[in-house]
Amino acid sequence: LSHLFTEPLQWPTTPYQSLSKGFSLPYARFWKGCFQQLGTDLFQLIKERIQTWCLSPDRSAQCSAAEILSAYLSTVNIGDYARYQQLASDVSPILAQVVSAGSIYGADFLSDWTTALRFGCSRQDPRRFNFLTSILLTDPIDPKYT
């Protein structure tokens, strides 16, 4: 699978099937199935690409990253506490970058990422997302202030 992510890759989005104009629910469900089967190993293969996409001004890249991260978040209830800790340590720095860049990219960017978080956290135990609280409540201008 890692060879798929060495070349520039853009997952197409299908607005007519999505929750927002860019975030594609079918692609998020596809990635959720992949993570359910392959676990954190798959995320480790594509983590660098996702970090690149999160900082891209291209909306398709942003949506692809949001779809994949939301799918990974939606598998938080699978496995033991060690897997949960791995997921939290994988996702936290990436989402911190997204939150700090939110004011740069505008409303469409925020809409896609809000939809992604909604998909990733829906029907989950809210206690499993304590790591998200500190990220979402961080001041993007002064990260020391939370």
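**Exercise 1.** Is the crossing of α1 and α3 right-handed or left-handed?

Solution. The model is predicted: local features need pLDDT of at least 70, side-chain atom pairs count only at pLDDT 80 or more, and totals for chains, interfaces and linings use all residues. Residues are numbered from 1 along each chain as its sequence is written, and side-chain values use heavy atoms, without hydrogens and water.

Step 1. Helices are DSSP runs of H or I with at least four residues, numbered from the N terminus.

Step 2. The axes, lines fitted to C-alpha atoms over the stretch in contact, with angles from 0 to 180 degrees between N-to-C directions, come within 8 Å for α1 and α3 and cross at roughly 45°.

Step 3. Angles under 35 degrees count as roughly parallel, over 145 as roughly antiparallel, 65 to 115 as roughly perpendicular and the rest as oblique; α1 and α3 are therefore oblique to each other.

Step 4. A crossing is right-handed if the near helix is turned clockwise from the far one by less than a right angle, left-handed if anticlockwise. That of α1 and α3 is right-handed.

**Exercise 2.** Name the residues through which α1 and α3 meet.

Solution. Contact means heavy atoms within 4.5 Å. From α1, Tyr-27, Ala-28, Trp-31, Lys-32 and Phe-35 meet Glu-67, Ile-68, Ser-70, Ala-71 and Tyr-72 of α3.

Technical notes:
Helices (H or I, at least four residues) and strands (E, at least two) are DSSP runs, numbered from the N terminus.
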